[in-house]
Structure formats: structure tokens, C-alpha cells
There are 2 protein chains.
Amino acid sequence: MTLSNQEVLTKNTFSPTEQTLHSEIGDHVMQMFTSSHKGKSLETQIDEIVNDFSLDFLTTLNANTNVDIDELIRKFGDSKIPSQPIDFESYFQYLGDNIVSNSIHTSSPQFIGHMTSALPSFVRPLAKLMTAMNQNAVKIETAKALSFCEREALAMMHRQIYDFSDNFYTQHIQNNQSTLGILVSGGTTANITALWCARNKSLGAKNEFLGIEKAGLTAALNFYGYKGAVVIGSELMHFSFDKAADLMGISTQNLIRVPVDSNNRVKIQALRQTVAECREQNLHIIAIVGIAGTTDSGCVDPLEEIAEIAQENNVHFHVDAAWGGPVIFSQKHRHKLAGIEKADSVTIDGHKQLYLPMGIGMVFFRDPYLASSIEKQASYTMRKGSFDLGKRALEGSRPGMALFLHAGLKLIGLKGYEFLIDEGIRKTQYMAARISAMPEFELLAEPDTNLLIYRYIPEQLRGVVAKNQLTEIDNQLINELNEHLQKLQRQIGRTFISRTTKTTIISGKENPVIAMRAVIANPLTTEADIDAVLNDQIQIVTEISRSYFPDNDELAKSY
Amino acid sequence: MTLSNQEVLTKNTFSPTEQTLHSEIGDHVMQMFTSSHKGKSLETQIDEIVNDFSLDFLTTLNANTNVDIDELIRKFGDSKIPSQPIDFESYFQYLGDNIVSNSIHTSSPQFIGHMTSALPSFVRPLAKLMTAMNQNAVKIETAKALSFCEREALAMMHRQIYDFSDNFYTQHIQNNQSTLGILVSGGTTANITALWCARNKSLGAKNEFLGIEKAGLTAALNFYGYKGAVVIGSELMHFSFDKAADLMGISTQNLIRVPVDSNNRVKIQALRQTVAECREQNLHIIAIVGIAGTTDSGCVDPLEEIAEIAQENNVHFHVDAAWGGPVIFSQKHRHKLAGIEKADSVTIDGHKQLYLPMGIGMVFFRDPYLASSIEKQASYTMRKGSFDLGKRALEGSRPGMALFLHAGLKLIGLKGYEFLIDEGIRKTQYMAARISAMPEFELLAEPDTNLLIYRYIPEQLRGVVAKNQLTEIDNQLINELNEHLQKLQRQIGRTFISRTTKTTIISGKENPVIAMRAVIANPLTTEADIDAVLNDQIQIVTEISRSYFPDNDELAKSY
């Protein structure tokens with residue numbers, strides 16, 4: 001039985017007479033907050049329901065639900081909080097029928113379109129424990145052991161990146177003046193934090209000038225004699241850098257995007273030239289950004305060479321390794337990230353290739369004192385000299401997500417992460433080989449790591465594609481088909497591939513290319529799953545063509 | 001048995017020969033990712049361990065652990081990720097012995113010092129479900145029903161604040177061009193987001209000017225003819241506003257802090273004058289901030305009067321109701337927040353008085369199109385016209401925390417929240433009365449809501465305090481005692497009160513006052529618990545005085 005939102009709303013626990021209202025509500029609420037060792041608690045009952053939901057959800061093969069957006073709009077159209085509490089049973093039934101059943105099976109082995117995947121089973125009970133402990137990592141008074149645990153886990157990751165000496169870690173790991181890294185809610189906040197530190201450090205107090213923090217951007221540029229401030233990176237920088245450039249007041253136009261080569265890596269000569277031009281124009285370069293795993297194709301910039309340019313120009317070098325960072329766990333592939341250890345700051349996401357839940361971003365610093373440039377204090381907390389983690393952070397109150405990071409590093413270990421990374425790249429190479437071998441598809445770039453872009457080519461155009469003689473109109477037709485295919489595949493929901501837009505040159509002109517984007521990170525994805533996803537696409541195209549040409553099998557097949 | 005970190009590190013699951021290494025690791029890792037309906041899974045086993053930890057933790061009366069900081073520093077000093085995975089049993093034993101047992105019992109009824117409290121039991125299984133579903137709220141392709149569920153939950157809160165018409169909500173609740181609110185990781189991000197929107201809107205594109213987003217702060221001030229940009233609010237603004245002012249490039253000096261009256265509310269005349277002065281000095285006022293629940297004493301600014309000043313000056317009015325927002329659920333007390341409905345933006349924290357887990361901040365907008373001023377797009381996602389929630393947000397990838405908000409509003413309901421708010425304020429009034437009646441304590445301000453500041457007065461000074469004849473030296477002695485008392489109480493760990501610093505005038509000079517700060521939000525806290533906390537403080541002072549005067553009982557008692 002499915003209860004609509006409205007029915008649930010009216011099916012309340014109470015229909016009390018006015019006199020008894022307050023105490024009944026009070027008893028009901030107090031019961032929710034009370035934990036006891038005795039008997040089968042409400043929490044245990046909910047836990048059982050939730051365990052059933054989870055297990056069904058996690059063992060579903062379909063990637064997606066085929067519910068319509070319009071139906072969801074209708075289901076979630078109630079702006080009134082119920083006056084009386086809804087009873088648990090009705091609410092959890094509603095939750096199962098309306099939310100759980102219409103959610104994306106990000107753990108499905110055939111959901112290979114986004115950077116969200118199956119997670120190791122220990123994170124689920126750990127999520128419950130973290131919520132039970134309800135620590136607030138902002139300050140030591142609400143997160144005692146956790147503050148030190150977080151610093152330890154961050155130091156472990158720092159060491160993987162920078163590999164400094166035992167002495168270095170002994171000195172800094174639990175020193176409240178040092179910040180090896182900051183745990184944040186995600187990669188965007190990590191990137192913003194890195195640039196914020198770089199900006200404040202490079203435009204800091206000097207002589208009579210109080211520094212940008214106290215005096216502001218305009219005064220800082222004036223004092224240092226700059227005409228503006230910029231951040232430079234490849235044109236494939238994540239859109240979090242647009243957010244950072246806007247938020248920091250330097251403008252999105254001063255986020256300078258340098259072209260990439262055919263492998264999606266920043267053109268080093270162009271980068272060098274851009275840096276020189278900015279200096280000539282008297283623009284302050286806050287940071288040069290290198291990408292270790294672009295969002296749309298997983299490519300890695302030539303970090304060594306970028307590091308060299310940054311060093312020559314005495315500019316902060318930030319690496320956005322939100323996606324690709326964990327490749328450093330692989331003996332076989334870590335050379336792809338060579339140069340990352342020269343970065344002044346590095347972003348890595350825990351909820352991506354560390355296989356931890358959403359909400360764990362990290363930024364690491366080569367200089368343990370860099371984050372002092374953003375330090376803030378407050379009288380009710382965040383006292384100088386304390387271990388309060390909120391002193392040097394964009395965020396304030398935040399959950400004890402460090403528990404997941406700590407557990408992941410210990411329970412999966414270096415070798416476990418290496419296995420996961422190696423397997424993802426191996427399966428991506430398998431998929432690339434399959435795509436190259438299948439006439440229906442065109443591989444759009446050799447994969448650097450475990451992202452892959454390709455597209456479907458209709459039969460009548462396979463010849464021209466092979467001869468590299470596509471016209472703009474051909475390309476447009478292919479784009480339309482691929483967009484239609486991706487949307488239909490998503491709607492049918494058996495399998496899932498995302499899409500992105502690249503560019504290609506046709507007759508000397510830039511043309512958009514709509515690309516299928518596969519992300520092979522789910523450990524549960526097998527070669528057979530990859531085949532199934534590709535075959536599903538072929539089947540969907542057949543269905544599309546049948547609907548275009550219902551009476552002509554020949555034409556339909558040639559589509 | 002307690003395993004040290006080092007012992008756990010060396011107690012690995014594997015000691016394989018080299019040949020079998022990869023496959024054994026692989027099998028071990030794959031097992032972690034596999035869910036099945038068959039048999040008692042690893043997850044179930046961990047779940048049982050975690051349930052025991054949780055229940056023990058939640059039923060402990062002590063507020064704190066008495067472990068030393070130095071011991072924690074020693075315990076968490078390992079910067080090396082283990083090569084091989086640690087076995088589950090050892091790790092969870094380590095976790096229990098070192099992390100859980102040394103964490104703060106934020107749910108203890110005698111932990112009444114911070115804005116962190118017991119939570120309703122349904123959030124714990126829900127945390128597991130959210131983690132199992134692993135939705136990424138950044139985009140519809142990874143958070144289908146959840147995107148709509150989040151919009152619905154935010155609309156419910158919006159309606160509580162603004163109470164617009166049915167038509168308004170029908171039009172905006174699921175309209176992808178409208179943003180009634182944004183779910184963020186916490187109040188800091190909410191405040192930053194609100195000011196970011198206000199800044200971008202007020203310095204937006206006009207005629208040939210592209211707007212601050214594209215052209216930057218300096219160009220925007222130039223174009224509009226301003227000498228600088230400021231944010232104005234009471235001196236008690238949360239330190240997240242310092243972060244915002246720094247990050248946005250306007251400088252912390254241009255975060256203008258107006259003095260408060262003896263009730264910790266911004267002085268309206270001074271505010272009016274500051275606004276006038278800024279206008280005379282040609283400074284752009286990005287926003288005027290009103291506080292609904294100051295962090296250190298829970299006081300509420302005169303929001304109606306601030307709204308009037310903002311309106312007269314055509315300035316964005318932001319209300320930081322991170323703490324106090326849910327007071328609007330109380331028929332009896334909501335008048336204290338009168339004027340909040342006139343705010344252009346409002347911050348409320350879910351993890352404070354909505355009794356939800358850490359990681360739920362919210363910002364609400366009177367104008368559903370205001371957040372367009374920070375909209376960003378990207379080709380791989382965040383397409384214009386989509387329901388992708390990450391388009392208009394500071395953050396990118398983020399967890400499905402909306403599940404908690406939705407469940408809280410439905411399972412606790414208006415009346416349930418009203419009960420919680422009313423009870424907190426009632427018990428605070430009880431505590432204030434007790435403090436006033438006890439000679440040992442001095443109440444430092446009448447509580448507005450459910451925060452309370454007071455201090456301990458040693459016996460020999462109670463007379464001068466009563467006659468309001470404290471000298472600077474007396475005050476300093478009291479400060480030292482209260483700081484010592486709070487630290488010792490925290491260290492002993494039976495009960496907990498936080499501390500803050502206020503100021504007082506002695507002989508015409510500002511003097512710091514170290515204050516005890518009680519936060520009465522935990523539904524489990526009874527009047528007897530409040531008595532116990534106060535008595536614990538008296539007992540600790542007795543112990544202190546005995547240690548100061550070990551041989552003189554008379555002197556000790558007089559301390």
C-alpha cells in the first residue's frame with residue numbers, strides 16, 4: 001500500500017482532547033529522546049525497517065528509478081509542517097514508498113556514470129555510531145578524542161602525498177599551531193579554502209599594511225601595486241573555482257582558463273605564456289591550479305611542469321585532486337600524479353575514490369603554518385592555543401566525519417586502496433578496448449585513469465567517422481542522438497551513463513561534441529556489467545530508431 | 001583489554017606470501033563492498049558492536065571523559081597508513097577503547113554547556129539509511145526523489161518563517177528557477193551564502209557593467225562609485241561573519257560591530273547612526289545583520305526595528321537565527337522573533353534546535369530569485385533548467401541530509417517542536433531562579449531564551465557584589481576562579497558548563513568578565529540535573545579551596 005504525502009499528513013499519532021494535548025505530545029517527544037538498555041526500543045524497531053530498506057536498495061541491479069519528474073513534483077508539493085507528529089510506522093512506509101524507491105542506485109554495478117559508487121559495508125553502522133556520538137568537530141569541548149583522531153587521519157593522508165620525515169610528523173601531527181590538513185564538507189569547500197589561504201598569505205600584512213584579511217582586497221592590491229588578482233589553470237577546472245573566484249571578489253573573468261591539448265591536459269606553453277602576460281600586466285597571481293583527474297574525463301595535468309612554473313614565479317601551486325588523489329595509493333599508477341608532492345595545497349575527496357560517505361572533503365598544506373592566514377577567534381570558543389579545529393576553517397560546526405576517514409585508512413589500508421584503484425583503471429581499459437572494437441561506438445579520448453568519454457555513431461555515419469570526414473551537420477545529428485540516448489537510458493533506468501560536452505574542430509571551426517561519460521569506480525562493476533551497459537545503449541538506439549521508422553525495419557536498423 | 005594504536009597496526013588480517021597477496025586483498029576488499037540477503041553479514045556483525053557502543057554511550061550520565069589531552073596526543077600520533085587492512089574486530093575494539101570512550105557525552109542531561117544535545121532516536125537508523133542510499137544532492141542524476149524532498153522540506157521551513165500564500169508555495173516549491181532555501185553544511189556556510197547573494201545582487205550587472213561576479217569587487221565599487229563595502233550588525237555577531245567578510249574581500253574591519261545594550265541587544269540608535277555614517281562616507285552596505293539568539297547568551301536583537309532601518313535604506317536584511325530560529329515554533333515565545341519575516345535572508349541550523357544531526361545548515365530567501373545571483377553552470381552537470389541543486393550553492397557534492405530535516409518536521413511536528421522550545425525556556429527560567437537564589441552565584445543577564453550566563457562568587461566577595469562595589473582586582477580574582485572552575489569541571493567530567501567572556505564597567509573602565517555559559521536545550525535535562533550541575537560547581541570550588549589552603553579549613557571554606 002502506498003500512502004500519499006497528504007494521507008500520511010492526516011494520519012497522526014494523536015487526536016487528543018485539548019486538555020491532554022500538551023502532556024501527550026510531551027510524552028511522545030520524550031520517548032523519542034530516551035535511550036534504554038531495557039526491552040525492544042523504538043529505535044530498534046526503526047532500525048529493522050531501515051535495514052530492510054537498505055538491503056533491498058543495495059541489492060537492486062537497476063541503476064535508476066523510472067519515475068517521472070512530473071510525478072515527483074506532484075509527490076513533494078506540501079509546504080505545511082504537520083501540526084501533530086506523524087506516527088513512525090506511517091512515516092517510514094511513506095519514506096520507503098516515495099523516497100527510497102525513487103532514489104538512484106548509486107551502488108548498482110551498472111550505474112557507471114558518476115563519481116558516486118558502492119561503499120564498504122562498515123560505513124553504514126559507522127554512520128549510526130557517528131550520529132549517536134553527535135560530536136561537533138568545531139571545538140575540543142564537543143569533540144575530545146575525535147579532534148586528535150581527525151588530525152591523525154589527516155596526517156596519514158598528508159604523508160601519502162608529501163612523504164616528509166618522521167620528525168616532521170612527530171612535530172606537527174598533534175601540534176595545535178600546525179595544520180597539515182582541514183576536513184571540510186566537500187571538494188568545493190576544499191578548493192575555496194586552499195585559494196583563500198593562498199590569497200591571504202600572498203597579500204598579507206607587511207610594514208604598515210594590515211593585510212587583506214583586515215584591510216580588504218582593494219586596499220591589498222593598492223598596497224602591493226597590483227592591477228588585479230587572478231587564478232590560473234586549465235580550461236577544465238571544476239566549477240568550484242568559479243565559485244571561489246566570485247566569492248573571493250577577484251571575479252570569474254580573472255579565473256584564467258588556459259586551453260588543453262587533445263588529451264585534456266593543460267598546454268604548458270600556453271600556461272607559461274599566460275603567467276608571463278599576467279606578470280607583465282601587473283596582475284597578482286594568487287595560485288596556479290593543476291588538475292589531477294578532470295571532472296569530465298579523469299585526465300591529469302602535467303603536474304611536474306606546472307610545479308616548475310609556479311616555483312619560478314614564486315606562486316602558490318594548488319592541485320585539485322578531488323577525484324584522482326587516491327591514485328597515489330597505486331604503485332603502478334602513482335607516477336601519473338608525479339609532481340603532486342610539490343603542491344602547496346592539495347584537494348582530495350573522501351567520498352570519491354576513498355569510498356567513504358558524502359561529506360568528506362580534504363585540503364592538505366605543504367606548509368603547516370599556511371592556514372594561519374585564515375585563523376579566526378571567538379570568545380565563547382575558538383580560543384588561541386586551543387585544539388579547536390574550527391579556528392582555521394571555512395566551516396564552523398561540523399560532524400565527526402573523521403571517523404570514516406580513520407576507519408577507511410585502517411580497514412582498507414594501503415594495499416586495499418591500491419587494489420581498488422588498479423581494478424578501476426584495469427576495467428576502464430577493458431571498456432575502452434570494447435568501445436574501440438564495437439562499430440557502434442567512437443572512443444573520444446584515451447583514458448588517463450578511470451573515466452572514459454565516447455559516443456554512439458549511427459550506422460550510416462560510421463564510414464565518414466572512420467575517414468574523419470564528419471560535417472557539422474553529421475556531428476549535430478550524432479549529438480542529438482547521443483543526448484536523446486542518454487536521457488532515455490536514464491529514464492528507463494536499467495543502466496546509467498552520464499554525458500558531458502567537449503569540442504572538436506570541423507572545417508577549422510569549434511563544434512560541440514556531446515559525449516557519453518563513464519566513471520568506472522564501483523568495485524562491484526564487472527566486465528559483464530560494462531558489456532551490459534554498452535548493449536543496453538545499443539538496444540535503446542534500436543528502440544529509438546523503431547519509433548522513428550515504425551514501418552521500415554531497414555531504415556530503423558541503419559539508424 | 002586495550003590495544004594501542006601501534007598494536008592494532010601490527011595485528012593485520014593478512015600475512016600472505018607474495019604470490020597470493022593480490023587475490024587475498026582483493027577478496028577481502030570485495031567482501032566489504034558486497035551486500036547480500038543471505039546469512040549473517042559482516043555488516044550485521046559490525047552493526048551489533050556499534051549498537052552496544054551507542055547504547056552505552058547514550059546512557060552514560062557523565063558529561064565528559066577525564067582523559068588528559070597529553071594522553072590523547074600520545075594515542076593519536078601515528079602518521080602511517082597500515083599497508084595491510086586491519087581486521088574488523090581489532091579495529092572496532094580500538095575504536096571503542098580509544099575514540100568512543102574518550103568522546104564527549106553531548107547527550108548527557110548534565111552536559112549543558114554547548115548547543116549540542118541528545119537527538120531523537122530516529123536519526124540514528126536514518127543516518128544508516130542515508131549512508132546506504134549514498135545520494136549526492138548536487139544533481140538530479142545522483143539524487144532523484146531526494147532533490148524534490150529537499151525542496152519540500154525547505155519550503156516547509158520557509159513557510160514557518162514567511163507564511164506566504166498557498167499560491168506562492170504552489171508556484172515556487174518545485175520550480176527549478178526558484179530557490180526558497182539552500183541546505184548547507186552548517187550555519188557558517190549559510191551566513192556566508194546569504195551575504196554572498198546580497199553582495200552579488202546589490203553590485204550586479206547594470207548598463208555596460210557586467211556585475212561583481214564577472215568583474216570583481218574593485219571594479220564593482222568603482223562602477224557604483226563606492227569607497228568600500230561593509231556589513232553591519234551587533235558586536236555579538238558570530239565569528240562566521242568575520243570569515244564571510246574576509247573571504248568576500250571586503251575585510252574584517254568593514255564588518256562593522258555596533259555596541260549592544262545590557263541585554264545584549266544591538267543599540268538601535270547606534271545602528272541607525274552607523275548606517276547613516278556609512279552612507280555619508282559613501283560605503284556600500286551589503287547587509288544589515290540581526291541576531292536571533294546570540295552565541296554566548298541567546299539574546300535576540302530587536303528585529304522589527306532593524307528591518308525598518310534596512311527598509312528605509314534599501315539594504316539587504318539578514319537574520320542569523322542559527323540558534324534561535326526554531327523559537328518560531330512556539331506560540332508562547334515566537335513574539336521574541338517578531339520581524340524575522342521581514343528578513344531578506346534567514347539562517348537556521350538543523351543541528352541545533354531542530355534536534356537533527358550535525359551538518360544541516362539552512363539559508364532561506366524572501367525573494368525566490370535572489371540566489372540566481374550566485375548561479376553557476378558546468379557542462380558535465382549543473383545544466384541550466386535542470387533540477388540540479390548544486391547550481392545555486394556554495395557547496396558541490398553533499399549528502400542527503402534533507403532526509404533528516406524532512407523526517408524531523410514530520411515525526412516531531414509543529415507541536416512537538418513547540419514542546420521542546422517551551423521546555424527549554426521553562427527550564428532556563430528555573431535555572432535563572434536557582435542561580436539568583438543561591439548565594440554562590442551571580443546571574444549576569446536575564447535570559448531571553450534558553451542560554452544563560454552567570455558566575456561563581458567566592459564567599460568573601462559576595463558582600464561587595466551585592467553592593468555593586470567590585471574593584472578591578474576583585475573582578476580579576478573572580479575571573480581567575482571561574483576560569484579555573486570551568487576547566488576543572490570539564491576535566492573531572494561529571495557535568496559540563498562552557499565559558500565565555502563579557503565586559504563590565506568598573507570605575508568607568510571596561511573590564512573582562514569570565515562567565516559560565518549554560519545552554520538548556522537537551523530534552524533529557526531535568527530540574528534535578530540543573531541542580532546537580534550547580535552543586536557540582538560548588539563542590540569543585542570547595543575542592544579547589546582545600547587545595548589552596550590544605551591546613552586551614554576556615555580559609556578554605558571562605559574561598
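# Two chains about an axis

Chain A can be laid on chain B by a turn of 180° and a shift of 0.0 Å along the axis, with an RMSD of 0.0 Å. That is the relation of a two-fold axis. The model is a predicted one, and the superposition therefore describes how the two predicted copies are placed. Among the residues of chain A, Met248(A) comes closest to the rotation axis, with its C-alpha at 2.2 Å.

The interface between the copies can be taken next. The contact draws 177 residues from chain A and 176 residues from chain B. Of the interface residues of chain A, 99% are also interface residues in chain B, so the copies meet through the same surface. Chain A and chain B bury about 15100 Å² between them, and 64% of this area is on carbon and sulfur atoms.

Polar and charged groups also take part in this interface. Across it there are 79 residue pairs in polar contact, with both residues of each pair at pLDDT 80 or more. The largest share of the side of chain A that touches chain B comes from helix α3 of chain A (residues 42-58), which supplies twelve residues. By class, that side of chain A has 85 nonpolar, 60 polar and 32 charged residues. The count of salt bridges between chain A and chain B is 14. One salt bridge across the two chains joins the side chains of Lys128(A) and Asp47(B), with an N to O distance of 3.1 Å.

A site in chain B shows contacts to both chains. Glu213(B) has its place in helix α10 of chain B, residues 212-215. Leaving aside residues up to four places away in sequence, Glu213(B) touches Asp246(A), Ser251(A) and Thr252(A) from chain A, and Asn200(B), Ser373(B), Glu375(B) and Lys376(B) from chain B. With Lys376(B) there is a polar contact between the two side chains, at 2.8 Å. Arg199(B) is 14 residues from Glu213(B) in sequence, and their C-alpha atoms are 9.4 Å apart.

Within a single chain, the division into domains gives another view. Chain A is divided into domain 1 (5-105), domain 2 (136-411) and domain 3 (420-558). The contact between domain 1 and domain 3 of chain A takes eight residues from domain 1 and seven residues from domain 3. Domain 1 and domain 3 of chain A bury about 520 Å² between them, with 37% of it on carbon and sulfur atoms. On the domain 1 side, Ala63(A), Asn64(A) and Asn66(A) lose the most area to domain 3 of chain A, together 64% of what that side buries. The side of domain 1 of chain A that touches domain 3 has three nonpolar, four polar and one charged residues. Between these two domains of chain A the count of salt bridges is zero, while six residue pairs are in polar contact, both residues at pLDDT 80 or more.

Over all chains, the structure holds 54 salt bridges. One of them is formed by Glu312(A) and Arg272(A), whose closest N and O atoms are 3.1 Å apart. This pair links distant parts of the chain: Glu312(A) is in helix α14 (residues 303-312) of chain A and Arg272(A) is in helix α13 (residues 268-280) of chain A, 40 residues apart.

Phe164(B) lies in the loop between α7 (144-162) and α8 (166-172) of chain B. Not counting residues up to four places away in sequence, Phe164(B) touches His158(B), Arg159(B), Tyr169(B) and Arg366(B). Ile520(B) is 356 residues from Phe164(B) in sequence, and the two are 32 Å apart in space, C-alpha to C-alpha.

Definitions and conventions:
Residues are numbered from 1 along each chain as its sequence is written. Chains are lettered from A and ligands numbered from 1 in the order in which they are written. This is a predicted model: local features need pLDDT of at least 70, side-chain atom pairs count only at pLDDT 80 or more; totals for chains, interfaces and linings use all residues. Side-chain values use heavy atoms; hydrogens and water are left out. Domain bounds come from an automatic or database domain assignment. Contact means heavy atoms within 4.5 Å. Buried area is the accessible area (1.4 Å probe) that two parts lose on being put together, summed over both. A salt bridge is a side-chain nitrogen of Lys or Arg within 4 Å of a carboxyl oxygen of Asp or Glu. A polar contact is a pair of N or O atoms within 3.5 Å; within protein, one must be able to donate a hydrogen and the other to accept it, and residues adjacent in sequence count only if both atoms are side-chain atoms. Ala, Val, Leu, Ile, Met, Phe, Trp, Tyr, Cys and Pro count as nonpolar, Asp, Glu, Lys and Arg as charged, and the others, Gly among them, as polar. Helices (H or I, at least four residues) and strands (E, at least two) are DSSP runs, numbered from the N terminus. Copies are superposed by least squares on the C-alpha atoms of residues with pLDDT of at least 70 in both.
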